[in-house]
Every structure is written in structure tokens, then in C-alpha cells.
Amino acid sequence: MIVKILIGLAVIVVVFIIIVATRPADFRVTRSATISAPAAVVFAQVNDLHKWVAWNPWGKLDPACKMTYEGPPAGTGAGYTWAGNNKVGEGHMLITESRPNELIRFNLEFLKPFKANNTAEFTFQSDGNQTTVSWSMAGKKNFMFKAVGLFMDSDKMVGGDFERGLADLKSVAEAASASRT
């Protein structure tokens, strides 16, 4: 009887490993919002990492988070390191490409609560005094994240944070645009 139970458990474990191993390794999370402000105004809020304090969704999860800025104040080469509570974790972000009013690309290195390297992007589509901004993050899932992905959807988890951040970015950028006129 015990042998049959152990064989059954071994089969379940092997099937689980096969299912996890065949899951896609690539992931991408994207959210967009239309903001009533020119692309230059919205771009400035993202390109200067010091301005993230006003709209970054993770900053609200840990107001005591320690951030250290490096490099130029904005654009390619600007970066910051953060260390916060267990909801925020620890990591480093660096702007690797910045094309005014079009694109900002980041390298994200997460150290805690888990290690990962991802790429994040903001794209800006201008239409008169409105800008559609898209925020995305892409990367590779290792075996552990593929297994967790069977039970938790990363798109829903991170996507909600992106939506909150974009809503706050919209408020900040529209206020900045209104104060310019």
C-alpha cells in the first residue's frame, strides 16, 4: 500500500515538473493610459527619476523606502537603488535609452524578495494635447516563477500596480500641464 502511494506521489511530482518545464519562459505585462497633456510634459515626469516620488505605485507601499540616485538627474544613465519593506523589496533601476517624447527603456535588477532582471519601457504617443503612455515590463521566468505562475498571474499582480501608477502619473502630468498655461 505504501509503495503504491509513493509511486502515485512520484508520478504527480514528475507530471508537475513536466507541466512547469513546458510553460513559456517569456513574460510581458503592459498597461496604457491617455493623459490630457502634451507628450513633453508626460515624458518629463518619467525621464526624471526624482519625479517618480509623486506617482510611483510602490512608493506608497513603503513611504520609508530608502532610495539612492546615481548618474545624471534624468535620461540615459540616470538610475536609482531602492531598499524597502517586504512589499517593495530591494533592487536597482537604470535608464538605458531615452528618446524625448517617444521612449524610455530601463534595466530593472531585483535583489529581494527574489532575484530577477527585467526590462521596463514607457512609450509615448502624442495626439495634440493628449498623450497615450504605455508602461510595460518584460523578462524571462525561471523554473520557480513558472511554477508560481500556475497559481498566481503576474499580469494581474503587476498590472494592477501599473494601472495605479499610470492613474497617478495622469494626475501629476495633467496638473503640470495646467500650470504651464
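Is Phe27 buried or exposed?

1. Phe27 is buried, at a relative accessible area of 17%. Buried here means under 20% relative accessible area, exposed means over 50%, and partly exposed is in between, using a 1.4 Å probe and protein chains only.

2. A word on the basis: this is a predicted model, where local features need pLDDT of at least 70, side-chain atom pairs count only at pLDDT 80 or more, and totals for chains, interfaces and linings use all residues. Residues are numbered from 1 along each chain as its sequence is written, and side-chain values use heavy atoms, with hydrogens and water left out.

3. Phe27 sits in strand β1, residues 26-35. Strands are DSSP runs of E with at least two residues, helices are runs of H or I with at least four, and both are numbered from the N terminus.

4. Setting aside neighbours within four places in sequence, Phe27 has contacts that include Asn118, Met137 and Lys141; contact means heavy atoms within 4.5 Å. Asn118 is 91 residues away along the chain, with 9.7 Å between the two C-alpha atoms.

5. Now the sheet: seven strands make an open, antiparallel sheet in the order β1-β7-β6-β5-β4-β3-β2. Strands pair if DSSP finds at least two bridges between them. At the edges are β1 and β2 (66-70), each pairing on one side only.

6. Strands β3 (residues 79-83) and β4 (residues 90-99) run antiparallel and are joined by five bridges. Gly79 has Leu94 in β4 as its bridge partner.
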